[in-house]
Amino acid sequence: MRVLEARNLTSGYGETDILHDVSIKLDEKEIVSIIGPNGAGKSTLLKTIFGILRPSQGVIELQGEEITGLSPDKIVRKGMSYVPQVDNVFPSLTIQENLEMGAFVRTDDYRDRLQEVYALFPLLKERRNQKVGSLSGGQRQMVAMGRALMLDPKVLLLDEPSASLAPLLVEMIFEKIVDINKTGVAIVVVEQNARETLKISDRGYVLAMGRKVFEDTGKAILENKEVGKLYLGG
Amino acid sequence: MAELIVYGIVLGSIIALGAIGLTLVYGILRFANFAHGDLMTAGAFIAFFLVTGLFPWLGIPDTTFGSLSFGWRMALAFPIAMACVAVVSILLDRILYRPLRLKRSGSVILAMSALGASFIIRMIVLILWGADYRLYRPGVLRPAIQLPLEIKIRPDQIFLLLVVLTLVILLYLFLQRTKMGKAMRATSDNMELARVSGIDTERVIIWTWGIGGALAGAGGILYGIDVQLHGGMGWNFLLPLFAATILGGIGNMYGALIGGLVMGVAQQVSTAYLLPTYKPAVAFIVMIVILLVRPQGIFGGRRA
């Protein structure tokens with residue numbers, strides 16, 4: 001079943017379009033990666049899908065319902081969450097408070113969900129009363145993902161979750177992404193770390209200069225010599 | 001000297017009430033509200049009107065509590081006046097600042113509009129109550145309580161300290177325990193992330209103005225009880241308010257509390273060596289020294 005579809009998106013900042021006529025889709029339980037060189041428009045694509053940027057053209061549908069032009073706080077209530085690349089935690093709040101903020105729109109009892117998120121990230125439970133500002137980069141990334149999961153989303157958008165992390169932590173974060181996916185969340189992940197990402201992805205899209213230049217299964221992209229040479233650094 | 005320090009703490013706790021509101025608003029909107037001092041004036045005069053105008057007319061008796069200089073009239077007027085200032089403060093944002101924010105006006109435009117708002121509030125007070133100093137009970141000085149170290153303190157001042165302490169504890173509990181309080185801290189940390197988390201940041205902004213206004217109003221009322229009322233009182237408070245805010249680290253509520261106390265003590269102690277008319281200069285000097293030596297404030301805050 002299709003959970004997210006973006007058709008012919010053209011978008012950017014102000015008058016300047018960065019993204020040109022890009023279409024992507026995401027099925028239930030999939031991990032789909034968006035890779036490509038710096039400045040290819042990967043983050044712009046995620047921000048447009050999540051309503052932070054308004055597309056000048058194109059349509060976005062979440063679980064069959066059009067969400068084009070809706071603001072992020074509306075979209076988050078419809079079952080899609082987003083983790084920005086930088087500044088993705090509330091540093092002066094504790095871990096638990098960060099997670100509670102992820103559940104802000106919930107008026108029901110979300111204690112069970114909190115325990116489920118802690119089960120995914122046991123380390124966070126251990127340190128739940130610690131201020132997030134004092135955590136390391138990898139731990140912050142876990143808080144950011146945990147926060148986004150509090151609404152029990154159908155779709156999760158991750159913007160470069162491995163950026164500026166040590167190699168060992170990169171591996172751990174990718175394992176967590178797979179764990180999250182196994183709980184039934186479909187994931188779109190934007191990454192510079194193309195090869196590692198494709199290994200865990202069902203499908204992938206390659207963007208360059210704001211256009212979609214290639215799409216295939218994760219495995220096929222990894223095996224494609226030409227794409228590898230042009231976009232994945234040989 | 002010990003007595004001056006005690007009086008400084010009394011004055012400082014009033015400054016702190018104003019500074020906390022100033023710093024809360026700054027933390028969330030990155031906006032220095034120059035009209036904040038005049039919200040204190042508004043609170044003082046709304047309470048004054050209720051106690052000396054409306055309540056006698058309604059027939060509420062003019063009793064006093066124990067050895068305090070006021071009674072039921074003030075006890076009723078206090079929360080009502082705080083609520084009124086909260087409303088004034090929220091309206092000020094909705095009518096004036098918010099449209100400018102949405103138009104992405106520069107900080108100079110916002111500062112000028114805040115300055116304009118402060119003039120408007122002050123002039124309304126001067127038109128309605130004139131330019132004379134007002135007192136709740138002219139000529140009546142309640143006996144002071146004698147404490148060790150030759151400290152004389154009036155029961156009103158002890159009451160004042162207890163009120164400030166209660167308000168600060170309530171605010172602390174609100175910020176730490178309630179959903180809206182946590183959302184305020186989150187929004188102050190990162191408004192963009194608050195939005196993508198689904199936090200209704202507009203509601204957070206309204207709460208921030210309401211709480212900031214109510215606290216400023218309380219500060220003004222207390223100053224009116226302790227000293228006197230005047231249309232320019234809030235404007236005179238503006239300098240120590242900013243000094244206290246910067247001292248504690250802009251956006252840091254607990255810093256503003258300490259900053260307020262330090263400013264109050266510094267101003268009162270200075271009167272042992274300088275004419276009392278130099279008090280504002282003391283606030284100004286402290287502010288300049290902090291900006292030169294430690295612009296992020298003693299406890300650290302956010303940079304503009």
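Predicted model: local features only at pLDDT ≥ 70, side-chain atom pairs only at ≥ 80, totals over all residues.
Two rings of Phe, Tyr or Trp count as an aromatic pair if their centres lie within 6.5 Å, with the six-membered ring standing for Trp. B:Phe45, B:Phe48, B:Trp129 and B:Tyr136 form one aromatic cluster.

Over all chains, the count of aromatic pairs comes to 12.

| Aromatic pair | Centre to centre | Angle between planes | Arrangement |
|---|---|---|---|
| B:Phe45 and B:Phe48 | 6.4 Å | 70° | edge-to-face |
| B:Phe45 and B:Trp129 | 5.0 Å | 40° | tilted |

B:Phe45 and B:Phe48 both belong to helix H2 (residues 36-58) of chain B, where they sit three residues apart, about one turn of the helix. Both of these phenylalanines are buried. B:Trp129 is buried, as is B:Phe45.

B:Arg122 lies over the face of B:Trp235, at 4.4 Å from the ring centre. In another case the two residues come from chains B and A: B:Lys179 lies over the face of A:Phe104, at 5.0 Å from the ring centre.

Staying with chain B, how do helices H1 (residues 2-29) and H5 (residues 155-177) pack? Their axes are 10 Å apart and meet at an angle of about 35°, and the crossing is left-handed. Among the residues making the contact are B:Ile14 and B:Leu17 of H1(B), together with B:Leu161 and B:Val164 of H5(B). The residues of this contact divide into 12 nonpolar, two polar and no charged.

Now to chain A, where one loop runs between strand E7 (155-159) and helix H7 (167-182) and holds A:Glu160. A:Ser164 lies in the loop between E7 and H7 as well. A:Glu160 has a positive phi, near 45°, in a residue other than glycine. A:Ser164, also not a glycine, has a positive phi of about 55°.

Finally, A:Ser11 is found in strand E1 (residues 2-13) of chain A. With a relative accessibility of 1%, A:Ser11 counts as buried. Beyond its neighbours within four places in sequence, A:Ser11 has contacts that include A:Asp17, A:Thr44, A:Leu53 and A:Pro55.

Note on methods
Residues numbered from 1 in each chain as written. Chains lettered and ligands numbered in written order. Heavy atoms only, no water. Helix = DSSP H or I, 4+ residues; strand = E, 2+ residues; numbered from the N terminus. Buried < 20%, exposed > 50% of the residue type's maximum accessible area, 1.4 Å probe, protein only. Contact = heavy atoms within 4.5 Å. Axes fitted to C-alpha atoms, helices over the stretch in contact; angles between N-to-C directions. Left-handed = near helix turned anticlockwise from the far one by under 90°. Nonpolar A, V, L, I, M, F, W, Y, C, P; charged D, E, K, R; others polar. Phe/Tyr/Trp six-rings, centres within 6.5 Å; stacked < 30°, edge-to-face > 60°. Lys NZ or Arg CZ within 6 Å of the ring centre and 35° of its normal.
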